[in-house]
Amino acid sequence: MPNLESLIHLCFVLALPVMGVIAMGMGIKTFTLGTQAHQEECKEKIKASTSPDTSTHEAYYLGFFHLYPNIGGGGERVLWTMIKAIQDKYPFMVCVLYSGDSLSRDSILQNVQAKFGLTIRPETIYVVELTNRWWVDYKFPRLTLLMQSLGSLAVASQAIHRFCPDVFIDTVGFAFTYPLIHLLSTRIPVVAYTHYPAISSDMQTMVSSREAGFNNEAIARSALMSKLKSMYYRVFALAYSFAGSFASTIMTNSSWTQNHIVQLFGKPQMTKVVYPPCDTLVLAEFPLVGRQPLVMSLAQFRPEKNHRLQIEAFAHLLKAHPEFVMPASERPLDPETLLVNCRDGSGIRYPVLVMIGGARNIEDEARAEELRQMAARLGIDRQVLVIVNAPWSQILEWLRFGKVGMHTMRDEHFGINIVEMMAAGLLTVAHDSAGPKLDIIVPAIRGAGDVPTDEECLQFPVGFVATTAEQFAESIAIALGASEKLAEGVQRAARTAVSAKFSEDAFRTAFYRSFGPVVRWLDNQRSADDND
């Protein structure tokens, strides 16, 4: 029988690891938050720069973790429409934006107005500038998902050190930050709007089956490397699932994302689909007639958007249809001249691929230039335009006159730009996967065999889906040569569908439904504190 002294020694040894974990947690909390006086000083700075309406309700401070608020992408439209919805219904709330952009509040809001047409009141906006965004910007040569996820912890630590909010709202998908917030305080609810799971079963299947993607061609050629990466993905998925389980309220942007997040985070009751907002009201006013043979593409110049497939498809189109090729005697038109010809009725005789997208950094700029060079190598550069960081007003003009829309990303979580093109009246072809397949282009045309006749006017599809360059080229050819009755039928069906399902009003209604319980929880906590 062990004596009392031995039992004490055993308990002490067993307690050492637990005490170490507790001490480490307390150290992380102290390092991240700083002193109470430091946090109070940060809050006073925000109070001095903002003026929420506290006539009927005490102020709440919401921390938005969105490191690229100035990019004009679909994620930024979600962010700012969410903030606008909060300003309209909850004027007592202050939106604190954790930003990696070195821009003032007024500059950011001016850009939001120019890019999205949203008027954000500055009196309840405060920008906390972060200086260590490079942790997630840096392209780690190995273990990129893991390293950037761990890097997000460093960025979130700086964000919370500079101000600890009442609610932490992640709108970019850095789930590894959720346990950190929970460690700092169980009284800070974590609200997640997830555009795309960091890891999915589709990604794991692609690696295990050794299917080449835009960033794993070398690994796909090696059985050993594919097996190692598959193991890495499985371990990362477990860590990602653990981190995501700390979210209090989860919103996803599509059925595809919803299915994956429920599988990973294991919170089906707290996970709701909130489709991204689209400016369908303005776009739906464009006339359906008077369209020019412009093949439009709207997507940030990121590798996963697969712009190269668009150029390949357009090259296939011109090869299969010589009548679409601009003669050497014709002078190619610059963007402004093309728009002038559209405005004054001069028109455009030959199809032009117009690729418009945002560039986050010099790497994105380089990708845009590579697309121009690729078009030149294929001999189609005279009919290809690559436009970077165009203002929203100019994008609207292109959508007003364009006839065909193209989006080529595989497993696009949603595809807000697809919705915008459809609402604007473009005959749109997107990749036959994920969001476009499940939520947006339903029903779809899959090749010439699915094209309805002019007599089949009651059940028109809303667009096209394709997978290969040849299929995209075929769909574009069908769209460019569609009869007036067929084109108008698809245009009207698409516009009606997306205007009802993906409007800003639909987004606000779904957002309030998910966010309302968070506000009630905050009120209950505040009431309990007052009673104490």
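View 1. The model is predicted, with local features needing pLDDT of at least 70 and side-chain atom pairs counting only at pLDDT 80 or more, while totals for chains, interfaces and linings use all residues. Residues are numbered from 1 along each chain as its sequence is written, and side-chain values use heavy atoms, without hydrogens and water. Buried in α15 (under 20% relative accessible area) are D364, A368, L371, M374 and A375. These lie on the same side of α15 because they cover an arc of only 115° around the axis, taken from the directions from the helix axis to the C-beta atoms. Their cover includes α13 (307-320), β9 (352-357) and β10 (384-388).

**View 2. Helix α15 spans residues 362-377.** From first C-alpha to last, its 16 residues reach 23 Å, close to the 22 Å expected at 1.5 Å a residue. At the start of α15, a side-chain oxygen of N361 comes to within 3.2 Å of the backbone nitrogen of E363. G379, which follows α15, has a positive phi, near 75°.

**View 3. D439 sits in helix α18 (residues 434-440).** D439 is buried but has no salt bridge (a side-chain nitrogen of Lys or Arg within 4 Å of a carboxyl oxygen of Asp or Glu). K501, the nearest side chain of opposite charge, is 4.5 Å away. A polar contact (N or O atoms within 3.5 Å, one able to donate a hydrogen and the other to accept it) joins the side chains of D439 and Y275 at 3.1 Å.

Methods. Helices (H or I, at least four residues) and strands (E, at least two) are DSSP runs, numbered from the N terminus. Buried means under 20% relative accessible area, exposed over 50%, partly exposed in between (1.4 Å probe, protein chains only). Lys and Arg count as positive and Asp and Glu as negative; His and the chain ends are not counted. The expected span of a helix is 1.5 Å times one less than its number of residues. Contact means heavy atoms within 4.5 Å.
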